[in-house]
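I opened a new notebook page for this structure. These entries record what I looked up, in order.

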Amino acid sequence: MKDYYDVLGVSRNASEAEIKKAYRKLARELHPDVAGPEGEERFKEVGAAYEVLSNPDKKAMYDRGVDPRAASGSQGGAQGFGFEDIFESFFGGGSPFGGQQRGPASRTQRGGDQLVAAEVSLEEAVFGVNREVVVDLADVCATCSGSCCAPGTQPVTCGNCRGSGSVQRVARSLLGNVMTTSPCPECGGFGTIIQSPCTDCAGRGRTHSRHTIKVDIPAGVETGTRIRLPHMGDAGVGGGPKGDLYVEIREKAHKTFERRGDDLHCTLEVPMTAAALGTVLGVETFDGEQEVDVPRGTHAGHTIRLKGLGVGKLQRAGRGDLYVHLDVQTPTELTDEQQELLEKLASLRGEEMPQARLAPIGGGVFSRLRDAFKGR
């Protein structure tokens, strides 16, 4: 039994679309009008394989080990040969074996989508903002109202195709001369001809102008976020519907806060004495000044989490958090009195001659700094 999957060059689990695509490609390459008489036998094999694999019942029978063509006595001629696919691939028109004929094409086309960038600050990304964007768009022509014709005129029926939008021609095939259909070259397939196009839009039914559009930018957007405004793009050709407008967000960096997802991070410098004794410091956030409780004995890299003070979550309720990373400042310039006091403190703590002591990597300052950087 011939391996029809191998003939078409597809796997046994290939989809219907993959089988059809492989068949069309081989049919175009092996058609006798292209490959000559030497490709005729291979062309018949491809047609036979497609006849079986494109039919769910025949394919199921074949997968069970029975060749439905052999069982039915098919000889690989025109029966089930898929000629409609061949003619569609070669001639781009309807089948010569009947079926519905395509009507004239419509001049009306949907307008294209437009993309415009909008720059927002970090604070605007946190809470959302209303913004105006300026974009050049195609509008329906005010002179012809999208008809493409000069005022007082209208399209006339094409004399070549008599309004059908298509013409027929004779093409040679395995069955002899057959009639095929293609778009009319005189009217472009529209069935009508615009003899007096509108001069303001050059017969396109639309003009271009600059627009200022208000955009509601929600909280949580970031660089790369696109906001879709339906039916606010270019007007269509021939009075067709408008496309969509997409606003792409570009978020500006902030000098104090760094964004990581829905969370914000900042660094708070704390004097050495305040870190040792503990204190309460005021931090200016996007929600106003907030108190940060610095516990006694705070080390460099310690992180304090302020819940709900981060970025608003895009299309979700709630906000992220604000992480305050403490940076303990060691004084580099001391007065004589300060020097004396620190030396006295060192003496009281028995640290005049401190001994170096290695600490495990997992619990040292570098580990805390790493965890703080990762937002742990």
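**Entry 1: the annotated site.** I began with the record, where UniProt positions are given in the numbering used here, feature names are shortened, and annotations may be inferred rather than shown by experiment. The model is predicted, and I kept to its conditions: local features need pLDDT of at least 70, side-chain atom pairs count only at pLDDT 80 or more, and totals for chains, interfaces and linings use all residues. Residues are numbered from 1 along each chain as its sequence is written, and side-chain values use heavy atoms, with hydrogens and water left out.

I looked up which residues the "binding site" annotation covers. According to the unreviewed UniProt entry, they are Cys141, Cys144, Cys198 and Cys201. They span 61 residues in sequence, but no two of their C-alpha atoms are more than 9.0 Å apart, so they gather at one spot.

**Entry 2: two of the cysteines.** I took helices (H or I, at least four residues) and strands (E, at least two) as DSSP runs, numbered from the N terminus. I found Cys141 in the loop between β2 (129-140) and β3 (156-157). Cys201 sits in the loop between β6 (192-193) and β7 (206-217).

Are these residues buried or exposed? Buried means under 20% relative accessible area, exposed over 50%, and partly exposed in between (1.4 Å probe, protein chains only). Cys141 is buried, at a relative accessible area of 2%, and Cys201 also counts as buried, at 6%.

For contacts I used heavy atoms within 4.5 Å. Setting aside neighbours within four places in sequence, I listed the contacts of Cys141, among them Cys198, Cys201, Arg206 and Thr207. With residues up to four places away left out, Cys201 touches Cys141, Cys144, Arg206 and Thr207.

I then noted the buried residues of α2: Ile19, Ala22, Tyr23, Leu26, Ala27 and Leu30. Seen down the axis, they fall within an arc of 130° (taken from the directions from the helix axis to the C-beta atoms), so they line one face of the helix. An α-helix has 3.6 residues a turn, so residues three or four places apart point the same way. On the other side of α2, I found Ala17 and Lys21 exposed.

Entry 3: I counted two strands as paired if DSSP finds at least two bridges between them. An open sheet of 4 strands has the order β10-β11-β15-β14, with mixed pairing. Its edge strands are β10 (258-260) and β14 (303-306), each pairing on one side only.

I went through the pairs in turn. β10 and β11 (residues 263-271) run antiparallel, joined by 3 bridges, and Arg260 stands opposite Asp263 in β11. The two form a hairpin with 2 residues between them, and Gly261 in the turn has a positive phi of about 70°. β11 and β15 are parallel over 8 bridges, with His265 opposite Tyr323 in β15. β14 and β15 (residues 322-329) are antiparallel over 4 bridges, and Thr303 has His325 in β15 as its bridge partner.

**Entry 4: the sheet of three strands.** I found another open sheet, of 3 strands in the order β1-β9-β8, again with mixed pairing. β1 (114-120) and β8 (226-229) are its edge strands. β1 and β9 (residues 245-251) pair in the parallel sense over 7 bridges, and the bridge partner of Glu119 is Arg250 in β9.
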